[in-house]
Amino acid sequence: MSDALLSVRDLVVEFPTRKGILTAVDRVSFDISRGEVLGVVGESGAGKSMTGSAIIGLIEPPGHIAGGTISIAGQRIDNLPYEAMRRVRGKRIGMVFQDPLTSLNPIYTIAEQLIETIRTHMDLNERQARDRAIGLLDQVGIPAASRRIDDYPHQFSGGMRQRVVIALALCVEPELIIADEPTTALDVSVQSQIIDVLKRMCADHGTAIMLITHDMGVIAEAADRVVVMYAGRVAEIGAVRDVIKDAKHPYTKGLMGAIPTLMQDSDRLTQIPGTMPRLTDIPPGCAFSKRCPEAFDRCFVEQPDCRPYQGRDVACLLYDEGKPQ
Amino acid sequence: MLAFIIRRLVQSVVVMLVVSLIAFVMFRFIGDPVDQMVGLETTVQERELLRQQLGLNDPLPLQFWHFVSKAAQGDLGISYQFKRPVADLIGSRLPATLELSFVSALFALLMGIPMGVYTALNRESLLSKLFLTISLIGISLPTFLIGILLIFVFSVYLQWLPSFGRGKVVDIGWWSTGFLTVSGLKALILPSITLGLFQMTLIMRLVRSEMMEVLRTDFIKFARARGLTNRAVNFGHALKNTMIPVITITGLQMGAIIAFAIITETVFQWPGMGLLFLQAVQNVDIPIMAAYLLLIALLFVIINLIVDLLYVMVDPRIRIEGAEA
């Protein structure tokens, strides 16, 4: 796994609370190669965003990384001191958040925010930074970039603002972008535009993307591989085509069944019974066992590991050697 | 921008007219001014003559018009007790009150904002807890008690600072200032702290809570994710956004400082307008009371105008909407 750009191994994120320690991310491992788009899906609370925050080192205290390692290009970054980690943020790992309306500081112009970021990481003067900023805005598809750069965030529409946010995240050409629900707050009509912009920008600059979303449609459209998360754990990792066409983990199957398609002429969408357990009472054994239609006795006592199975990794005892049948 | 200022000026004039109506009504309905001016042995004819001279038999709107037009020219009538023009009396007392209020406000801002920022950034530190405890005392103790305590400690017990009066003052034209002599400056310390302590704690708590609110916003998280330095995030982004509500409250509090100066001036025998006003109340000296009312209203209106302009300077959203309107 030495060729991986980002390598996450057995990552554990814990939140101490009055009721005890909550494990928001539980032994999660995955890799992202250079230039790859890795989708991360799951319900809210599944630990997707928390994994993203952990990678960029911005977990809100009292939450903290309690175990595992995160490395970028072979260098460990989960244990860096604050100042060293600050220099990784923006420069090597960029981040795009869900809501473009609140991601930008309302009292500074776009130019001020872009130039500030560029000059924090690059040795450029005001003029050069401004030229670079205008070039970036042009690339993300802001019309009349050289004129609009001096506008304030509230003078842009939501879709335009998300383009600005992407420009900000990419302005010093990081190797990895973590896009946390980048299209969720947007109009359906601009969602695919933003995904296009993100993909094109990253392809042009050779940037890898970790695309966090709960929208399987976005994953199908944009991602190369996908990580399915459930209750802080990885359920399944595989190529997008494999996972969509032939899901193995019962939870992934449930997710796929819940997507409406025009081809299929079924009256009802399948749904997964029940809700995801709260982090305070994850059942022993498999976290999905209580909702799983295929669960058997071992599932309630034994916690499955993520193992390779037919070209992907699945954390399910159905595909373990000792399965029944 | 110009339209905005003109609109605010018109509003200010309306406010001043309403206040002068109240001040005028005081003249008419709180006792008979003639009774206040003449002795018991004055005959009915003499009283009637006086009424005629004073214009008290004119129709009410005409009287109001006379009152307003004279007040606008700086003629606020003759004090009953001192038999001197009220404008002169107030003019001689105004510098004392304004200097005291100015120093108090400066004290409140220069102490309150840094303490608020510090306690917001270092929530768990011991110094923060100390500041919060001090602020609790500042908020809960009444002004006069703080004044008396300060006099007891610093004037009576330690004998470091004077307990009353302005010290030596220097006249610059009609303005008498205590800023230029050592005794004048020393005399300012205790009353300023007394008057400013409440405002300081208010500003500190306001800055603290606003700053903590701003630090939780997405754009701060995004600023951190862009790898900006702590300094840039905390002061460049968080503090500037914090200042928008702080400016409003501080502006209103400046008016309150001038109005509350009455109590502090009494405790420290400070020869300002507050003391003059209290004497006027005791002696039913209505011209002084009315003039004081008008002056305080004028100061409030001026301060609010300045606050509005500052607001426009800090917040681009208002600036642009104001320009378009």
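How many residues has helix H4 of chain B, and what does the helix reach from its first C-alpha to its last? H4(B), residues 60-72, has 13 residues and reaches 18 Å, close to the 18 Å expected at 1.5 Å a residue; the expected span is 1.5 Å times one less than the number of residues. Helices (H or I, at least four residues) and strands (E, at least two) are DSSP runs, numbered from the N terminus.

The model is predicted: local features need pLDDT of at least 70, side-chain atom pairs count only at pLDDT 80 or more, and totals for chains, interfaces and linings use all residues. Residues are numbered from 1 along each chain as its sequence is written, chains are lettered from A and ligands numbered from 1 in the order in which they are written, and side-chain values use heavy atoms, with hydrogens and water left out.

In H4(B), the residues Gln63(B), Phe64(B), Phe67(B), Val68(B) and Ser69(B) are buried (under 20% relative accessible area; exposed is over 50%, partly exposed in between; 1.4 Å probe, protein chains only). After H4(B) comes Gly74(B), with a positive phi near 90°.

In chain A, helix H8 (residues 188-205) has 18 residues and reaches 26 Å, close to the 26 Å expected. Its buried residues are Val190(A), Gln191(A), Ile194(A), Ile195(A), Val197(A), Leu198(A), Met201(A) and Cys202(A). Seen down the axis of H8(A), these fall within an arc of 160°, so they line one face of the helix; the arc is that of the directions from the helix axis to the C-beta atoms. On the other side of H8(A), Ser189(A), Ala203(A) and Asp204(A) are exposed. The cover over the buried residues includes helices H5 (126-139), H7 (158-170) and H9 (216-222) and strands S7 (176-180) and S8 (208-212) of chain A. Gly206(A) follows H8(A), and its phi is positive, near 65°.

Between the chains, 30 residues of chain A are in contact with 23 residues of chain B (heavy atoms within 4.5 Å). Chain A and chain B bury about 2,400 Å² between them, 59% of it on carbon and sulfur atoms; buried area is the accessible area (1.4 Å probe) that two parts lose on being put together, summed over both. There are 0 salt bridges between chain A and chain B (a side-chain nitrogen of Lys or Arg within 4 Å of a carboxyl oxygen of Asp or Glu). On the side of chain A that touches chain B, H1 (48-56), H2 (82-88), S6 (93-96), H3 (100-103), H4 (110-121) and H7 each supply at least two residues. The largest share of that side, 5 residues, comes from H4(A).
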